[in-house]
Amino acid sequence: IRWLAALPVIAFFSGGWLSGHPFLMAWNVSWLVLTSLILLVIDRSERIEDDEDLQ
Amino acid sequence: MNAALVLIALFVVGALALALLARRGRKMSLEQWALGGRGMGTVMVFLLMAGESFSTFTFLGASGWSYSKGAPAFYILAYGGLAYLMAFWMLPAVWRYATANKLVSFSDFWAHKYNSRALGVVVSVVALAGMVALLTIQLRGLGIIVSEASYGSIAPQVSIWIGAVVMVSYILVSGIHGSANIAIVKDLLILGLAVFLGIYLPWHYYGGVTPMFEAIHAQRPDFFSFPKEGLNLGWYNSTILLTALGYYLYPFNLTSVYAAKSASAVRRNTILMPLYQIVIAFLFIVGFAAILKVPGLQGAEVDLALFGLVKATFDPWFVGLIGGTGVLTALVPGSMILLTASTVIGRNVYKEGFAPQASDRQVARVARVALPLFALVAVYFVMRGGSTIVSIAIFASSLLTQLLPSLLFSLMPRPFGTRHAAFAGIAAGAAVLGASMLSGVGLPQLLPHAPAAVKSINLGLVALACNALAFVLVATLGPRPATPRFAGQPA
């Protein structure tokens, strides 16, 4: 599920464009939270894979 | 003697005592002094990383830029998220290689990876130039904070000297342990104060955040969108990319990674750090709140926006509390920069450049002598004055990002490139930056008929593209000695 990491990249670079067409601040803050969550999910899934490999 | 000044003095004395006490019960080898014996757990690594990411750049620079520039300032929120995303995969690999090979200084990584002492020296020169700019930011911020919070009773020049002496003293005695001890207090204080100010000030002056934005929009309708020229959308996205790519090439950021006791401690931090960046949004709000209440700040004065509003709002004792916290936001990253710079001078410039047989003891001695001298150079640049905090930071980022291609190519599963390619890349990137700085010529002059989105691309990114191109060309067509060592592969 590493592809999830592409979402914040797209979001942070599109935020300025979207605002051009307070929103930008809320958008960036929301994606900071989502970035942490996405990294947490990827970290957990990779650990589960490591455990399965060990077994 | 006002209440604010007494509080600031107590903060400085308390921080110095806390840092000096950190030495107790420790035998200070070079590794213990510079990296805490590589024994820092998740919490301590977090405090050091957060301490470095939350400096006077964010305390004064972020609020100053939101006050003066509006939307373009939000690049600061975006690049942090992207930098930690990249760090999630990159930093554990760096940690594994550094630990397996007992690397101590920032430049050791390049010297060891490419098996080239000369490359270590070149990287050190680039890193030291970038670190002078970064230390200048901390000392300049310290001068502003103490002068403003003491209601002008201490001149900025005096507080800059006091700050530099305090930093040098406790780093000489306690090394990284001193910074870590202060970081604990500082992170708790700054977190509480930033959130409080970001909520209280808009409520106090406007009745809330939305009424504040409405009031600003009524008086300055153009403030809410990107300008057509200059700091436009092209500048915004290219600066996000440049600063995100260069974030972990701030040498002191990598030092915190070396100091961690496990790869998972490093990785856990990259998951947590985007959340910590949110605190910066509260300081942006303080900058917005100051627009209509402290009008008229221009040029480098915009860094005073936060204190201008705080002094107009609170009693002196509370201004002193904010000032004391501000002093800590300068001391922690400033001292980490000093520690990293002196280690680079000792390990890579002195030992790798002039005395390959030097023992760790001799290297440590040179590092301790270099430490106050490096601080003096930074003090000199602060006294010269000039640019805003954010513009100095963008310059430092442009310079340090030139080390990225040689770092990333060396971390690939099958390392690509040679020491010649690394030299060529760094030289090409630095040449583009240097030529632009000396001649004052940028993309708008070189491409006068290009679209505004192209003309406003951050020049650091152009230099980085030239750097990567030179690296690939020399790696493909140039001489082919030994390739870089694999990640995790000992010498």
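Analyst: A salt bridge here is a side-chain nitrogen of Lys or Arg within 4 Å of a carboxyl oxygen of Asp or Glu. The model is a predicted one, in which local features need pLDDT of at least 70 and side-chain atom pairs pLDDT 80 or more, whereas totals for chains, interfaces and linings use all residues. Residues are numbered from 1 along each chain as its sequence is written, chains are lettered from A and ligands numbered from 1 in the order in which they are written, and side-chain values use heavy atoms, without hydrogens or water.

Over all chains, the count comes to two salt bridges. One of them is formed by B:Lys311 and B:Glu148, whose closest N and O atoms are 3.2 Å apart. Because B:Lys311 belongs to helix H14 of chain B and B:Glu148 to helix H7 of chain B, the pair ties together parts that lie 163 residues apart in sequence (helices, H or I of at least four residues, are DSSP runs numbered from the N terminus). B:Glu148 counts as buried, at 17% relative accessibility, while B:Lys311, at 27%, counts as partly exposed (buried is under 20% relative accessible area, exposed over 50%, and partly exposed in between, with a 1.4 Å probe and protein chains only).

Helix H14 of chain B, residues 305-313, also packs against helix H15 of chain B, residues 316-351, at an angle of about 155° and with the axes 9 Å apart (axes are lines fitted to C-alpha atoms, for helices over the stretch in contact, and angles between N-to-C directions run from 0 to 180 degrees). H14(B) is therefore roughly antiparallel to H15(B), a label for angles over 145 degrees, with under 35 being roughly parallel, 65 to 115 roughly perpendicular and the rest oblique. The crossing of H14(B) and H15(B) is right-handed, meaning that the near helix is turned clockwise from the far one by less than a right angle.

B:Asn115, in the loop between helix H6 (108-113) and helix H7 (117-149) of chain B, has a phi near 50°, and its 45% relative accessibility makes it partly exposed. B:Tyr151, in the loop between H7 and helix H8 (156-174) of chain B, has a phi near 55° and counts as partly exposed at 35%.

In the other salt bridge, the side chains of A:Asp43 and B:Arg267 meet at 3.5 Å, N to O. A:Asp43 lies in helix H2 of chain A and B:Arg267 in helix H13 of chain B, so this pair joins two chains. Both A:Asp43 and B:Arg267 are buried.

Helix H2 (23-54) of chain A and helix H13 (263-293) of chain B each also supply at least two residues of a nonpolar surface patch. The patch, of about 440 Å², is made by A:Val33, A:Leu34, A:Leu37, A:Leu40, B:Leu272 and B:Leu275 (patch residues have over 30% relative accessible area and no salt bridge, like charges being joined within 9 Å and nonpolar side chains, Val, Leu, Ile, Met, Phe, Trp and Tyr, within 5 Å; areas come from the Shrake-Rupley method with a 1.4 Å probe, and for residues only the protein chains shown count as cover). H2(A) gives the most to this patch, with four residues. A:Leu37, in helix H2 of chain A, counts as partly exposed at 46% relative accessibility.
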